[in-house]
Amino acid sequence: MNIIYPYSTDNRLLNPCSYMYTPFEGLPFFKGHSLSRKSFMESIEELIISMKEPDDLKKEILKHSMKESLGIAKIGTIEDYSQKLLLITKHNPWISSKHYPDTNNTELSNYADMIKITNLKDRVETEKFLVCLFCYVSGNFAHSDSMVAWTESLIQRFEVTKKIYPEYKPGFKKGSGKNDVLFLYVLFAISLSIYYGQTQNLRYLNAVLKINDLIISNAAQLIQDGVNACLAYFVLIFEGIHINRLLQSKGIQDEIT
Amino acid sequence: MKLPDIAMIVSATKRTDEYVRALVENNLLPNFMLIMQNKSGHILPGQSSENTTKYLDEIIKKENIPFKYIDSTDINSDTVFEAITMRPESVFIYSGYGGSILRNRILNAGKKFLHIHGGFLPDYKGSTTNYYSLINENSCGASSIFLDEQIDGGPILLRKHFPPPEDRSRIDYNYDSMIRAKVLVETLQMYIKNGRWKFEIAENTEGETYYIIHPLLKHIAILSRS
């Protein structure tokens with residue numbers, strides 16, 4: 001029996017899902033979810049393969065994301081994500097995992113000091129914060145209590161409002177600006193995906209799943225930008241692998257297959 | 001026995017029925033019951049299609065518990081605020097509709113609100129926490145606290161772990177209510193025995209806040225075999 005996965009069919013920017021009291025649908029639910037994700041990933045592969053080389057900052061983010069994705073994909077999964085990733089690299093050599101810039105004097109390193117000098121009483125420029133978070137989780141910079149606190153605040157904001165805004169008032173209070181900037185969502189999702197892999201904190205995976213529902217529900221907008229589509233692809237690889245591992249560890253995987 | 005300084009402010013939910021059933025079975029009768037009625041025709045969070053006040057009506061009459069129905073489902077409404085502040089009891093056992101959060105006005109009205117959180121505090125604050133603890137630890141929990149402005153941050157009176165239920169698919173309506181009711185009863189029994197409220201953890205500042213669980217993780221929690 002095939003179940004249609006309903007949580008990414010409706011535009012979640014226009015019609016947020018509260019996820020309250022969701023029904024239990026048994027083992028077929030996993031198949032429905034997996035088919036939904038797989039279908040979306042297949043629909044954007046061509047776009048990613050032929051994407052234009054982006055600006056330096058986004059290029060670095062994609063390079064590091066590719067590295068992280070290849071790393072996790074190598075650890076055996078149901079789908080052979082490694083081959084798909086290598087295909088992307090073949091058509092986009094600038095994203096190659098063989099060439100990782102030194103973190104000194106790069107676009108990403110410009111964000112290194114930002115988190116040291118800011119605190120939760122400042123106004124938040126979300127994109128800058130998210131680039132910082134990405135640097136932090138992809139291992140480029142040292143541990144920061146501030147980074148953890150800011151991440152917790154943005155998780156709380158997203159979980160309560162189901163939106164990410166380009167700016168927030170001091171203390172991560174009310175957001176302002178347009179809340180449909182998909183780059184912010186995919187960047188947050190990939191950072192949380194990597195962070196979940198490091199910490200196994202289910203709260204991060206929970207947020208990733210909801211963000212991914214939202215991203216996929218805005219596929220038409222997502223495919224306007226190759227970078228966003230590529231990051232979304234990486235995030236879904238992470239999601240698939242994390243979920244498969246959980247299913248294995250909980251003795252559920254065999255029952256699905 | 002009547003608990004002279006303890007009243008209840010409740011909604012028409014399965015959880016309320018379980019609370020009242022457990023209290024009656026253990027001879028712990030509230031001094032008064034305020035019942036927030038849902039007359040909207042729509043099911044509210046925490047209700048299932050079977051929820052009515054039928055059981056409450058029966059038990060109130062049988063046990064002779066003084067009561068009042070309130071035509072509001074909003075714990076923060078003026079109607080509910082007035083009804084609570086007019087009562088002499090200093091402690092209210094709270095069983096509200098799902099997702100309701102008490103605002104500062106009612107929290108600072110001079111009453112204590114005894115709430116049973118569905119999760120082991122302080123580790124599992126927030127929402128749907130027993131699903132997370134099922135995945136992490138293969139256990140459930142419930143904790144009694146007095147509510148304050150912090151989400152699940154009030155002083156902890158009692159907290160207990162419980163094994164996972166046989167049928168995990170009905171946790172939200174059956175098992176969750178049952179274990180909360182058990183902790184409620186034990187909390188009140190401790191209060192009677194000690195003659196005062198004693199706290200297991202007075203400063204409840206640690207732990208993490210969990211948000212409504214995504215259905216995929218919920219399915220993992222329900223179907224988990226380890």
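## Secondary structure of chain A

A helix here is a DSSP run of H or I with at least four residues, and a strand is a run of E with at least two, each kind being numbered from the N terminus. On that basis chain A contains 11 helices and three strands. The model under discussion is predicted.

Along the sequence, the elements of chain A follow the order α-α-α-α-β-α-α-β-β-α-α-α-α-α. Chain A has 257 residues, of which 55% are buried. Considering the contacts in chain A between residues at least 6 apart in sequence, 73% connect residues at least 24 apart.

In soluble globular proteins, nonpolar side chains tend to be buried together. The largest nonpolar core of this model comprises 136 residues, and the members that touch the most others are L188(B) and L217(B). The element that gives the most to this core is helix 10 of chain A, residues 226-249, with 15 residues.

## Interface between chains B and A

The contact between the two chains involves 34 residues from chain A and 28 residues from chain B. Together the chains bury about 2800 Å², with 69% of this area on carbon and sulfur atoms.

Which elements of chain B give two or more residues to the side that touches chain A? They are helix 5 (129-137), helix 6 (171-194), strand 9 (208-210) and helix 7 (215-223). Helix 7 of chain B supplies the largest share, eight residues. By residue class, the side of chain B that touches chain A divides into 14 nonpolar, 10 polar and four charged residues.

## Buried polar and charged residues

E159(A) belongs to helix 6 of chain A, residues 145-161. Is E159(A) buried or exposed? Its relative accessibility is 6%, and because buried means under 20%, E159(A) counts as buried. The side chain of E159(A) makes a polar contact of 2.5 Å with the side chain of K210(A). Apart from neighbours within four places in sequence, E159(A) is in contact with N206(A), A207(A) and K210(A), as well as with Y211(B) and I212(B) of the other chain.

Q253(A) lies in helix 11 of chain A, residues 253-256. With a relative accessible area of 7%, Q253(A) is buried. A polar contact of 3.4 Å links the side chain of Q253(A) to that of N244(A).

## Backbone features

Two residues other than glycine have a positive phi of about 55°: F172(A) and N27(B). F172(A) lies in the loop of chain A between strand 2 (167-168) and strand 3 (175-176), whereas N27(B) is in the loop of chain B between helix 1 (14-25) and strand 2 (29-36). F172(A) has a relative accessible area of 3% and is therefore buried. N27(B), at 44%, is partly exposed.

A cis peptide bond, with omega near 0°, runs from L121(B) to P122(B). P122(B) is located in the loop between strand 5 (112-117) and strand 6 (124-126) of chain B.

Note on methods:
Residues are numbered from 1 along each chain as its sequence is written. Chains are lettered from A and ligands numbered from 1 in the order in which they are written. This is a predicted model: local features need pLDDT of at least 70, side-chain atom pairs count only at pLDDT 80 or more; totals for chains, interfaces and linings use all residues. Side-chain values use heavy atoms; hydrogens and water are left out. A nonpolar core is a set of buried Ala, Val, Leu, Ile, Met, Phe, Trp, Tyr and Cys residues joined through side-chain atoms within 4.5 Å. Buried means under 20% relative accessible area, exposed over 50%, partly exposed in between (1.4 Å probe, protein chains only). Contact means heavy atoms within 4.5 Å. Buried area is the accessible area (1.4 Å probe) that two parts lose on being put together, summed over both. Ala, Val, Leu, Ile, Met, Phe, Trp, Tyr, Cys and Pro count as nonpolar, Asp, Glu, Lys and Arg as charged, and the others, Gly among them, as polar. A polar contact is a pair of N or O atoms within 3.5 Å; within protein, one must be able to donate a hydrogen and the other to accept it, and residues adjacent in sequence count only if both atoms are side-chain atoms.
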